[in-house]
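Load the model and keep the selection panel open. The tour goes stop by stop, from single residues to the whole fold.

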Amino acid sequence: MNNFNFCVPTDIRFGKGQIACLPEELKKYGKRILMVYGGGSIKRTGLYDTILDLLKEFEIYELSGIEPNPKLDSVRKGAAICKEKNIDVILAVGGGSSIDASKHIACAAYYEGDAWDLMLDRSKMTKALPIAVVLTMAATGSEMNPGAVITNEETNEKIEIAGPILYPTISICDPTYLYTLPAKQTAAGTADILSHAMEQYFQPTDDAYLTDRISESLMKTVIHYGPIALKEPENYEARANLMWASSLGLNHILTVGKGGAWSCHPIEHELSAYYDITHGEGLAIVTPAWMKAVLCDATVERFAMFGRNVWDLTEGDAREIAEKAIEKTAEFFKSLGLPSTLKEVGINAEKFEEMAEEAVRTSGISTRSYYHLNKEDIVKIYESCA
Ligand code: NZQ
Ligand code: ZN
């Protein structure tokens, strides 16, 4: 097991009605709040009114219209508001997109140059406004981690900014807020959580026994409750388990004692950077293709372990179990109604080369991942799920 540091400073308030603590908590930072949210779901669900009602005593400024796959322009707008209105705290209400935009805004608020500079040079990120979160989507884990993924539309770059100052200080996680999610988002979020566990499970270190067992339990939980949440959107138990799996899936507890670069995420991030597709849908497409591409003598034992411990497969030798596990993974995504080919989300071969090159350039996939892949390998993966 590798050495590790593990410190998650986010205060999680989980469960029905936890939002009541918001005024008391936000008061600690000041009166002026920038509320950051998406395209209007929070108005339709009534959450917007609930929050304004709770925060009557505060001075609220709003930045709405954060796009899924949040764009740099929204961050620039948010940073300008923070500077002009002297904002004390940012309140992100929504899923990963609103939270990620808020994180980038929080540090851009203290930076005099263009917000994109911070993505390219982390040493410029010195200070950030406090960030509070009201979570409405179970997927990214952004509510309990220090990362944010932002797209620069001018350059088609979708990259991550991360640093300890970007942890949300508090996240309200009320599973009832997930009841209104469209089926497509429930499915995409489920695929994203599962992928986060897989990315950390398939890493070069083999002796982080406890971490791998935690990962397997989380994957089994998501495989169990994803379909239930789709069938019964107001099933509290299913929503609650998925919501907590979202946070644990990417607060780095599944990486402790392990390490290495991710594989499917860099391959997917190029798809959503170039074609603005839903992140979880992209993962459902590329994950089985990646698994098939990297299954070999060197990886078969771990894939077999994944098959035995996550999919409860018992019949056959390691190779057979590994192949069956990949099949089960693909079938699971399909059963959630997720796409399995790039064609289904309107992507053709035109940019495969360019996207593969970017995936290599912007990540450690060719040098530090579970199975090192170069540009040509990634093009083949895109082709295999075209
Ligand atoms: O914009 P609104 O109107 O709010 O609608 C959203 C959006 O259209 C809707 N929605 C969210 N909660 C809802 C709801 N609709 C009804 N009821 C609710 N309760 O769902 C749509 C998707 O929301 P979004 O925030 O985009 O989804 P998600 O949480 O999946 O975030 C995706 C973004 O996070 C990045 C992805 O790349 C993508 O840009 N990621 C962030 C990570 C991180 N910070 O750690 C890691 C991930 O791997 C990922 O890359
Ligand atoms: Zn993800």
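**Stop one: two positive phi angles.** Select His-252, which sits in the loop between H9 and H10. Helices here are DSSP runs (H or I, at least four residues), strands are E runs of at least two, and both are numbered from the N terminus. His-252 is not a glycine, yet its phi is positive, about 80°. The residue is partly exposed, at 32% relative accessibility. The classes are buried (under 20% relative accessible area), exposed (over 50%) and partly exposed in between, with a 1.4 Å probe and protein chains only.

This is a predicted model, in which local features need pLDDT of at least 70, side-chain atom pairs count only at pLDDT 80 or more, and totals for chains, interfaces and linings use all residues. Residues are numbered from 1 along each chain as its sequence is written, chains are lettered from A and ligands numbered from 1 in the order in which they are written, and side-chain values use heavy atoms, with hydrogens and water left out.

Now move to Asp-276, in the loop between H10 and H11. Its phi is also positive, near 55°, in a residue other than glycine. Asp-276 counts as partly exposed, with 44% relative accessibility.

**Stop two: a loop serine.** Go to Ser-263, in the loop between helix H9 (236-249) and helix H10 (264-275). Is Ser-263 buried or exposed? Ser-263 is buried, with a relative accessible area of 1%. Show its contacts (heavy atoms within 4.5 Å). Beyond neighbours within four places in sequence, they are Glu-199, Trp-290, Ile-365, Ser-369 and Tyr-370.

**Stop three: the largest core.** Select Phe-202, Ile-267, Trp-290, Phe-303, Phe-306 and Tyr-382. These have the most contacts inside the largest nonpolar core, which has 105 residues. A nonpolar core is a set of buried Ala, Val, Leu, Ile, Met, Phe, Trp, Tyr and Cys residues joined through side-chain atoms within 4.5 Å. Helix H11 (residues 279-294) gives the most to this core, eight residues. Apart from this core lies another, of 21 residues, including Ile-42, Leu-47, Val-89 and Ala-132.

Centre on Phe-303. Leaving out neighbours within four places in sequence, its contacts include Phe-202, Trp-290, Met-291, Val-294 and Tyr-370. In soluble globular proteins, nonpolar side chains tend to be buried together.

**Stop four: Trp-116.** Trp-116 is in helix H6 (residues 116-120). Its relative accessible area is 6%, so Trp-116 is buried. Not counting residues up to four places away in sequence, it touches Leu-72, Ile-150, Thr-151, Asn-152, Glu-157 and Ile-159. Draw a C-alpha line from Trp-116 to Ala-298: 40 Å in space, 182 residues in sequence.

**Stop five: Glu-57.** Glu-57 lies in the loop between helix H3 (47-54) and strand E3 (59-63). Glu-57 is exposed, at 60% relative accessibility. Its C-alpha is 8.4 Å from that of Pro-23, 34 residues apart along the chain.

**Last stop: zoom out.** The protein has 15 helices and eight strands. Its radius of gyration is 20 Å, close to the 21 Å of the globule rule for 386 residues, so it is as compact as a globular protein of that length. The radius is taken over C-alpha atoms, and the rule is 2.2 Å times the number of residues to the power 0.38. Along the principal axes, the C-alpha trace spans about 65 × 45 × 45 Å. Buried residues make up 58% of the 386.
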